[in-house]
Amino acid sequence: MQEIKQGEAVIFIEDYDLFGYSCNGSEGMYYKTTCFDKYLVYVPAADEWAEPHTSMVKRKKAGHVPKKYSELCKHISEL
């Protein structure tokens, strides 16, 4: 299996509550893998970041980074 790329679109396949927003079925943008088998994912519909377990999301189109997410990744900086 190909390693997930920064900016790749993912879909939540399990319930994940993000400040009152149910992410199940929503699209997010993978940014990076964090500790404890979790991903850092931006959820545009909620305008928030989530940290779901890797099993809670699936890749929308493996290896493909949508242009909108590619551009967004260029503007992200970590503290």
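1. Surroundings of Y16. In this predicted model, Y16 touches a set of residues that lie beyond its close sequence neighbours: leaving aside those within four places in sequence, Y16 is in contact with Y21, S22, C23, A50, E51, P52 and M56. Y16 also belongs to the largest nonpolar core, where Y16, F12 and V43 are the residues with the most contacts inside that core.

2. Strand 5 gives the largest share, which amounts to 3 residues. Another core, of 6 residues, lies apart from the largest one, and A9, M29, Y31 and C73 are among its members. As a general background to both, nonpolar side chains in soluble globular proteins tend to be buried together.

3. Strand 4 and its neighbours. Strand 4 covers residues 27-34, and because 6 of its 8 residues are buried, this strand is largely enclosed by the rest of the structure. Strand 1, made of residues 9-12, runs antiparallel to strand 4 and is joined to it by 3 bridges; within this pairing, V10 has G28 of strand 4 as its bridge partner. Strand 4 also pairs with strand 5, residues 38-43, again in the antiparallel sense, here over 5 bridges.

4. The hairpin turn. Which residue takes a positive phi in the hairpin of strand 4 and strand 5? The residue is F36, with a phi near 60°, and the hairpin has 3 residues between the strands.

5. The structure holds 4 aromatic pairs. One of them is formed by Y31 and W49, an edge-to-face arrangement with 5.9 Å centre to centre and 75° between the planes. This pair links distant parts of the chain, since Y31 sits in strand 4 and W49 in strand 6 (residues 48-50), 18 residues apart. W49 also pairs with Y42; the ring centres of Y42 and W49 are 5.3 Å apart and their planes stand at 55°, so this pair is tilted. Taken together, ring pairs link Y31, Y42 and W49 into a cluster.

6. Is E8 buried or exposed? At 0% relative accessibility, E8 counts as buried.

7. The side chains of E27 and K60 meet in a salt bridge, at 2.6 Å from N to O. E27 belongs to strand 4, while K60 lies in the loop between strand 7 and helix 1 (67-74), so that the pair links distant parts of the chain, 33 residues apart. K60 counts as exposed, at 53% relative accessibility. E27 and K60 are linked with K68 in a network of salt bridges. In general, side chains of opposite charge can pair when their charged atoms come close.

8. K74 and E71 meet through their side chains in a salt bridge, with 3.3 Å from N to O. Both residues lie in helix 1, 3 residues apart, which is about one turn of the helix. K74 counts as exposed at 58% relative accessibility, whereas E71, at 34%, counts as partly exposed.

How values were computed
Residues numbered from 1 in each chain as written. Predicted model: local features only at pLDDT ≥ 70, side-chain atom pairs only at ≥ 80, totals over all residues. Heavy atoms only, no water. Buried < 20%, exposed > 50% of the residue type's maximum accessible area, 1.4 Å probe, protein only. Helix = DSSP H or I, 4+ residues; strand = E, 2+ residues; numbered from the N terminus. Pairing = 2+ DSSP bridges. Core = buried A, V, L, I, M, F, W, Y, C linked by side-chain atoms within 4.5 Å. Contact = heavy atoms within 4.5 Å. Phe/Tyr/Trp six-rings, centres within 6.5 Å; stacked < 30°, edge-to-face > 60°. Salt bridge = Lys/Arg side-chain N within 4 Å of Asp/Glu carboxyl O.
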